Amino acid sequence: MKFQGTSNYVATQDLMLAVNAAITLKRPLLVKGEPGTGKTMLAEEVSQALGLPLLQWHIKSTTKAQQGLYEYDAVSRLRDSQLAELDGGERVKNIHNYIVKGVLWQAFTAKEPVALLIDEIDKADIEFPNDLLRELDRMEFYCYETRELIRAQHRPLVFITSNNEKELPDAFLRRCFFHYIKFPDADTMKRIVDVHFPNLKQELLTAAMKTFFDTRNLPGLKKKPSTSELLDWLKLLLAEDIPLSALQSGDDRVSLPPLIGALLKNEQDVSLFEKLLHMQRNHR
């Protein structure tokens with residue numbers, strides 16, 4: 001299996017090399033980068049390109065590693081035992097009826113190779129990655145309730161994404177192939193925009209790109225606008241039929257862009273932008 005990009009996802013050469021290296025090494029691919037740089041979409045596009053079903057595990061702050069393996073629903077079994085006279089108690093006798101299989105169990109027991117996405121692993125508790133070390137390394141785990149060893153029939157292609165909110169343990173990092181998705185340069189960004197808006201006029205694209213990068217490069221921004229926010233902004237510009245003149249500044253200074261709420265997501269950054277405009281006007 002080799003990933004060579006798709007028509008819906010602009011993958012740089014180093015990103016394609018990273019995906020194929022993880023496949024060759026049979027190790028999880030740990031992908032870091034700013035939010036909105038396409039980390040989750042990478043797993044979706046690679047799985048589709050390679051013809052692999054994709055199982056997704058979106059991590060929250062309350063997620064525990066055990067949930068990815070299985071959970072024993074003792075409450076339902078107790079309830080059913082109290083109603084056992086309805087069916088003679090046959091359901092209660094079989095503990096398998098109360099085992100809720102997690103995504104790792106599903107991936108390990110799939111009849112064909114699958115891709116597995118563990119999304120935003122840094123949202124969970126710091127012990128979460130450590131709790132998955134053995135399972136991801138050996139591709140097996142033990143279910144104590146049913147007394148069976150669950151071993152992967154086919155090693156899944158594992159993608160793990162992180163927004164760098166927490167440092168991951170060294171022991172976990174050692175078991176992964178790592179890739180950091182750099183923020184796209186202007187040429188790569190144009191290619192990305194072309195995928196989503198193939199009929200966008202060149203003049204509008206050039207003006208929008210300049211405004212976007214000028215905004216992103218403002219010193220002191222609390223949250224820089226991302227690739228996904230640029231795409232949202234372009235969609236709004238087209239939907240509202242914003243004229244090209246609204247994106248152009250006669251003296252080549254930074255101007256307040258229309259629909260700025262698509263790019264700047266907090267009041268501090270909007271205030272910073274407005275202060276910069278005020279300073280520029282006073283220095284004319």
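This is a predicted model: local features need pLDDT of at least 70, side-chain atom pairs count only at pLDDT 80 or more; totals for chains, interfaces and linings use all residues.
## Helix α10 against helix α12

Helix α10 spans residues 186–196 and helix α12 spans residues 227–239. The two pack at an angle of about 50°, and their axes lie 11 Å apart.

On the α10 side, the contact is formed by Met189, Ile192, Val193 and His196. On the α12 side, Thr227, Leu230, Leu231 and Leu234 take part. Classified by residue type, this contact of α10 with α12 contains six nonpolar and two polar residues, and no charged ones.

## Helix α10 against helix α11

Helix α10 also packs against α11, here at an angle of about 125° and with the axes 11 Å apart. The pair α10 and α11 is therefore oblique as well, and α10 passes α11 in a right-handed crossing.

From α10, the residues Ala186, Met189, Lys190, Val193 and Asp194 meet Gln202, Leu205, Met209, Phe212 and Phe213 of α11. The residues of this contact of α10 with α11 comprise seven nonpolar, one polar and two charged.

## Helix α11 and leucine 204

Helix α11 covers residues 202–216, a total of 15 residues. From its first C-alpha to its last, α11 reaches 21 Å, close to the 21 Å expected at 1.5 Å a residue. Its buried residues are Leu204, Leu205, Ala207, Ala208, Met209, Thr211, Phe212, Phe213, Thr215 and Arg216.

Leucine 204 is found in α11. Its relative accessible area is 12%, and it is therefore classed as buried, the cut-off being under 20%. Apart from neighbours within four places in sequence, leucine 204 is in contact with Leu238, Leu244 and Leu247. Leucine 204 and glycine 68 are 136 residues apart along the chain, and their C-alpha atoms are separated by 46 Å.

## Helix α12 and threonine 227

Helix α12 has 13 residues and reaches 19 Å from its first C-alpha to its last, close to the 18 Å expected at 1.5 Å a residue. The buried residues of α12 are Thr227, Glu229, Leu230, Leu231, Trp233, Leu234 and Leu237. The elements that cover these buried residues include α10 and α11. After α12 comes aspartate 241, with a positive phi near 55°.

Threonine 227 is found in α12. With a relative accessible area of 6%, threonine 227 is buried. When neighbours within four places in sequence are left aside, the contacts of threonine 227 are Gly36, Phe183, Pro184, Met189 and Ile192.

## Positive phi in two loops

Arginine 147 is not a glycine, yet it has a positive phi of about 55°. This residue lies in the loop between β6 (140–143) and β7 (148–151). Arginine 147 is exposed, with a relative accessible area of 68%.

Leucine 259, likewise not a glycine, has a positive phi of about 55°. Leucine 259 is placed in the loop between α12 and α13 (267–282). Its relative accessibility is 33%, and leucine 259 therefore counts as partly exposed.

## Alanine 171 in helix α9

Alanine 171 lies in helix α9, which covers residues 170–173. With a relative accessible area of 23%, alanine 171 is partly exposed. Alanine 171 and leucine 133 are 38 residues apart in sequence, whereas in space they are 7.8 Å apart, C-alpha to C-alpha.

Terms used
Residues are numbered from 1 along each chain as its sequence is written. Side-chain values use heavy atoms; hydrogens and water are left out. Axes are lines fitted to C-alpha atoms, for helices over the stretch in contact, and angles run from 0 to 180 degrees between N-to-C directions. Helices (H or I, at least four residues) and strands (E, at least two) are DSSP runs, numbered from the N terminus. Contact means heavy atoms within 4.5 Å. Ala, Val, Leu, Ile, Met, Phe, Trp, Tyr, Cys and Pro count as nonpolar, Asp, Glu, Lys and Arg as charged, and the others, Gly among them, as polar. The expected span of a helix is 1.5 Å times one less than its number of residues. Buried means under 20% relative accessible area, exposed over 50%, partly exposed in between (1.4 Å probe, protein chains only). Angles under 35 degrees count as roughly parallel, over 145 as roughly antiparallel, 65 to 115 as roughly perpendicular and the rest as oblique. A crossing is left-handed if the near helix is turned anticlockwise from the far one by less than a right angle, and right-handed if clockwise.
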